[in-house]
Amino acid sequence: CDTFGFPNFMNTLEESTSSPNQRMTRYQILTLTSIASVNFSSMICYSILGPFFPKEAVQKGASQTVIGLIFGCYALCNLMGSLVLGKYIVQIGAKFMLISGLFVSSVCTILFGLLDKVPDGATFIILCFIIRSVDAVGFSAAMTSSFAVSTKVFPNSIATVLGSLEIFTGLGLILGPPIGGWLYQSFGYEVPFMALGCFLFLMVPFNMYILPSFDADPSKDSFFRLFTRLKIVLICFAIFTLSSGLGFLDAALSIYAIDTFNLSPGYVGLLLLGLSLPYCLASPLLGIVSDRFPSTRPWFMVLGGLFTATGFWFLGPVPILQIKSQLWLVVFMLGIIGFSLSMTAIPTFPEILDCAYENGFEEGLSTLGLVSGLFGAVWSFGMFCGPTLGGFITQQLSFEWAASVQGGLAFLAVCIIIINVFYIVLFITTRISDTLKKTDKADIWFWQFLDHGLPQLQMNR
């Protein structure tokens, strides 16, 4: 019987990815280890900028809007890289794509640490854009490949595995800000990037050794065909609202916390733990529930969106509420946003993949690459819009109003998903009622509906 509490990580994966009498194969363990190392190392390097880079960039002559664009250009290049690399993952090779992405990202992280040596103003800003853009392409290669490989090796428990791997993503996001802030305070601007860039570089030979190779045939499916499905479009909008909010926090939260609460960069890094820690703890548990009870996924997205909206509205808080901003309230709302992020994000990937398979996409690495690329592209588009729009609103109005807009986007996604769910329920109920009136095999039809869903019934009729 199941026990209450936090399950052992490896035992949980074995129970979820295999039959009761089987354990994970060596092939699966090596893949899981490799992807976990990629998630951790990539995210720790990505997240070190938050506590100190915006302040450093201001001193170098960048405005709040330009800082938002620097964060946003990373996401925009990530978007383009995800689409191209997701489409051609079979031709390039999943293993080569992942390893080369790690190498490019590590080199760019080290180069970013040298930017304090360049002249202030336009030179600094241009080099920031160039290095971040190239870094984004490397990051998109590693992440697109890791998502595709994970789902290929664990096809029957996608949410469980992705949720469990988000432990390492969360650890990277948790450790990056405080480590980056502490290294910056203790040793200056260069050391955080040099240290973590070298750490990321060490992951290149490590993954070359342990990651298996993957062979597959290319397919003729495309991103355009994925976007013809309304369900996928709605899920993508929900993903966009999440990443937009996170991108906004990356670019604007540290300056707001320093100006409002007089915090040091080190304490800002600790402040961001309130966002990352709940996400890290909740993701594996929500992944298990999502796999065992797939019907809960839409409601996870709805509840997660509501919590996200609430978190952003009270993060400032919304000026019309006339509530004074307090540090404990900011920490608490960041925790709400972190938890709601996992609740909304974990079910989205398997839902998109299920929808693709239901609509005739081939089961294989090529389709997994398309779905991974789509997920990464939509996520990156939100990470571009969040800092860019949020930085502009913060500069023109205030952080409080910018956070309120992010909450409004999350609430809009919830409303759209609820309308779609009720429309589907109404449609299915109407079809069942009409069909039962026309057939004298109502009991057989009903059980076929429970087993196969509406498309199979239409074929059988």
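At what angle do the axes of helix H2 (residues 26-46) and helix H7 (residues 122-153) cross, and within what distance do they come? In this predicted model, the two axes cross at roughly 155° and come within 10 Å of each other. Because an angle over 145 degrees counts as roughly antiparallel, H2 and H7 are therefore assigned to that class. The crossing of H2 past H7 is left-handed. On the H2 side, the contact involves Tyr27, Gln28, Thr31, Ile35, Val38, Asn39, Ser42, Met43 and Tyr46. These residues meet Arg132, Phe139, Ala142, Met143, Ser146, Val149, Ser150 and Val153 of H7. Classified by residue type, the contact of H2 with H7 comprises ten nonpolar, six polar and one charged residues.

The contact of H6 with H9 divides into 14 nonpolar, five polar and one charged residues.

Three salt bridges are present in the structure. In one of them, the side chains of Lys60 and Asp120 meet at 3.0 Å, N to O. This pair links distant parts of the chain, the two residues being 60 residues apart. Lys60 lies in the loop between helix H3 (53-59) and helix H4 (64-87), whereas Asp120 is placed in the loop between H6 and H7.

The mean pLDDT is 75, and 82% of the residues reach 70 or more. Helix H6 has the highest confidence, at a mean of 87, while helix H1 (residues 9-17) has the lowest, at a mean of 43. The pLDDT is below 50 over residues 1-21, a stretch with 31 contacts in the model beyond near neighbours in sequence. Residues 449-461 likewise have a pLDDT below 50, and this stretch has 15 contacts beyond near neighbours in sequence.

Note on methods
Residues numbered from 1 in each chain as written. Predicted model: local features only at pLDDT ≥ 70, side-chain atom pairs only at ≥ 80, totals over all residues. Heavy atoms only, no water. Nonpolar A, V, L, I, M, F, W, Y, C, P; charged D, E, K, R; others polar. pLDDT = per-residue confidence, 0-100. Helix = DSSP H or I, 4+ residues; strand = E, 2+ residues; numbered from the N terminus. Contact = heavy atoms within 4.5 Å. Axes fitted to C-alpha atoms, helices over the stretch in contact; angles between N-to-C directions. Parallel < 35°, antiparallel > 145°, perpendicular 65-115°, else oblique. Left-handed = near helix turned anticlockwise from the far one by under 90°. Salt bridge = Lys/Arg side-chain N within 4 Å of Asp/Glu carboxyl O.
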